[in-house]
Amino acid sequence: MQTPEEYEVSQRIGRLILGLKRTRGMTREDVCKRLGIGSRTLDNYLNGASSFKLGTLLKFADLCKVKLADILDDTEALKRLYPENIKDKGNIFLLFMSSIVSVLVFEVIFIALLILLFFYARNDKNCQSIVAIFIFAFSLEIAVVYWLKFVLIPAIESYYIENIYAFATQLLLSLLLAFMIKYRMFLGAWFTKGNSASIFEKNQVDAPLYALACTLALIDFAALMENFIRNLEHLGIDEEVAKPFWELTFMFDYFAYIKAVPYLLCMFVLYAGITARRKQVLNKANAAPIQ
């Protein structure tokens with residue numbers, strides 16, 4: 001059984017777990033995994049049946065980006081993390097996005113739309129080559145994300161290192177997408193062995209799609225840099241200097257939503273480009289003199 005003082009600490013930790021769920025989307029299962037304990041053990045801690053171990057408290061303090069003393073003394077730094085004190089940073093757009101852009105749903109919808117666009121451009125190898133690049137890049141991203149989530153990340157104990165792997169991988173994939181768009185003609189000629197002349201035609205969507213791919217890379221880079229800034233103490237910076245940056249979580253909180261915007265714009269640009277080329281072909285056919 002816990003002492004009254006220990007029980008107070010346990011109640012604070014319970015409120016902090018609710019705060020983690022609101023700001024980072026972390027479930028109790030996620031917290032248990034970070035702490036290296038079972039769900040029943042956490043329940044026993046929170047209801048006062050057993051006392052928190054020092055090592056577990058230190059891990060939880062690190063997870064919340066506060067000092068152990070903040071948890072024990074209920075300082076102002078800790079109170080800002082309670083769910084009732086967390087400002088609602090959302091807006092109508094983010095609420096809408098959060099309802100439709102879960103990771104799995106967005107991936108399935110995006111891949112399905114890309115496949116539809118691929119068949120929509122079935123008579124235009126030029127546009128098909130562009131859509132194929134996105135299908136390949138996004139399929140590769142899905143495979144890598146699931147590998148990170150279910151294979152690599154469970155083997156890593158540091159939240160800081162996990163985010164480095166996650167954001168750095170996203171950055172590399174976005175750079176790969178930008179590279180493939182920029183050298184689309186070369187890649188298309190290589191895959192078709194030069195048998196399709198339309199591959200070498202310049203497409204009006206090449207530039208905007210390349211710009212959007214670079215935007216995705218900038219978003220990934222910003223998220224990666226924010227992770228470093230938020231964890232300066234891991235880079236050898238004094239903790240007192242690093243502490244003001246612990247609450248810098250904008251990219252971390254809204255990363256998926258922010259990236260969804262250029263992805264959806266890519267879809268719109270692809271559709272507009274295919275439609276425009278279809279109209280051009282139709283106009284040329286109508287303008288051709290009848291023999």
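This is a predicted model: local features need pLDDT of at least 70, side-chain atom pairs count only at pLDDT 80 or more; totals for chains, interfaces and linings use all residues.

Trainee: What share of the residues in the chain is buried?
Mentor: A residue counts as buried when its relative accessible area is under 20%. The chain has 291 residues, and the buried part of them is 43%.

Trainee: Among contacts between residues at least 6 apart in sequence, what percentage joins residues at least 24 apart?
Mentor: Two residues are in contact when heavy atoms lie within 4.5 Å. Among the contacts in the chain between residues at least 6 apart in sequence, the share joining residues at least 24 apart is 73%.

Trainee: Where do the buried residues of α3 lie as seen down its axis?
Mentor: Helix α3 covers residues 39-46, and L42, Y45 and L46 are buried there. Viewed down the axis of α3, these buried residues fall within an arc of 90 degrees, so they line one face of the helix.

Trainee: Which residue just after α3 takes a positive phi?
Mentor: The phi in question is about 90 degrees. The residue that takes it, just after α3, is G48.

Trainee: How are helices α2 and α4 oriented to each other?
Mentor: Two packed helices are described by the angle between their axes and the distance between the axes. For α2 (residues 28-35) and α4 (residues 54-64), the axes come within 9 Å and cross at roughly 120 degrees. That angle makes α2 oblique to α4.

Trainee: Is the crossing of α2 and α4 left-handed or right-handed, and how do the residues of the contact divide by class?
Mentor: The crossing of α2 and α4 is right-handed. On the α2 side the contact holds V31, R34 and L35, which meet T56, K59, F60 and L63 of α4. By class, these residues divide into 4 nonpolar, 1 polar and 2 charged.

Trainee: Is K65 buried or exposed?
Mentor: K65 sits in the loop between α4 and α5 (68-73). Most residues other than glycine have a negative phi. K65 is not a glycine, yet its phi is positive, about 60 degrees. Its relative accessibility is 9%, so K65 counts as buried.

Trainee: How does D74 count by its relative accessibility?
Mentor: D74 belongs to the loop between α5 and α6 (76-79). Phi of D74 is also a positive value in a residue other than glycine, near 55 degrees. With a relative accessibility of 22%, D74 counts as partly exposed.

Trainee: Which residues does V144 touch, not counting those up to four places away in sequence?
Mentor: V144 lies in helix α9 (residues 125-152). V144 has a relative accessible area of 17%, and so it is buried. C-alpha to C-alpha, V144 and L173 are 9.2 Å apart in space, although 29 residues apart in sequence. Beyond four places in sequence, V144 touches T169 and L173.

Trainee: With which residues is Q170 in contact, leaving aside its neighbours within four places in sequence?
Mentor: Q170 has its place in helix α10 (residues 159-182). Its relative accessible area is 9%, so Q170 is buried. Apart from neighbours within four places, Q170 is in contact with E141, V145, D220, F255 and K259.

Trainee: How is α10 oriented to α12?
Mentor: The axes of α10 and α12 (residues 206-230) come within 8 Å and cross at roughly 165 degrees. An angle over 145 degrees counts as roughly antiparallel. Therefore α10 is described, relative to α12, as roughly antiparallel.

Trainee: What is the make-up by class of the contact of α10 with α12?
Mentor: The crossing of α10 and α12 is left-handed. The residues of this contact are 19 nonpolar, 4 polar and 4 charged.

Trainee: Against which helices do the buried residues of α11 pack?
Mentor: In helix α11 (residues 184-192), the buried residues are R184, L187, G188 and A189. They pack against α9, α10 and α12.

Trainee: Which residue with a positive phi follows α11?
Mentor: The phi of this residue is near 60 degrees. The residue that follows α11 is K193.

Terms used
Residues are numbered from 1 along each chain as its sequence is written. Side-chain values use heavy atoms; hydrogens and water are left out. Buried means under 20% relative accessible area, exposed over 50%, partly exposed in between (1.4 Å probe, protein chains only). Helices (H or I, at least four residues) and strands (E, at least two) are DSSP runs, numbered from the N terminus. The arc is that of the directions from the helix axis to the C-beta atoms. Axes are lines fitted to C-alpha atoms, for helices over the stretch in contact, and angles run from 0 to 180 degrees between N-to-C directions. Angles under 35 degrees count as roughly parallel, over 145 as roughly antiparallel, 65 to 115 as roughly perpendicular and the rest as oblique. A crossing is left-handed if the near helix is turned anticlockwise from the far one by less than a right angle, and right-handed if clockwise. Ala, Val, Leu, Ile, Met, Phe, Trp, Tyr, Cys and Pro count as nonpolar, Asp, Glu, Lys and Arg as charged, and the others, Gly among them, as polar.
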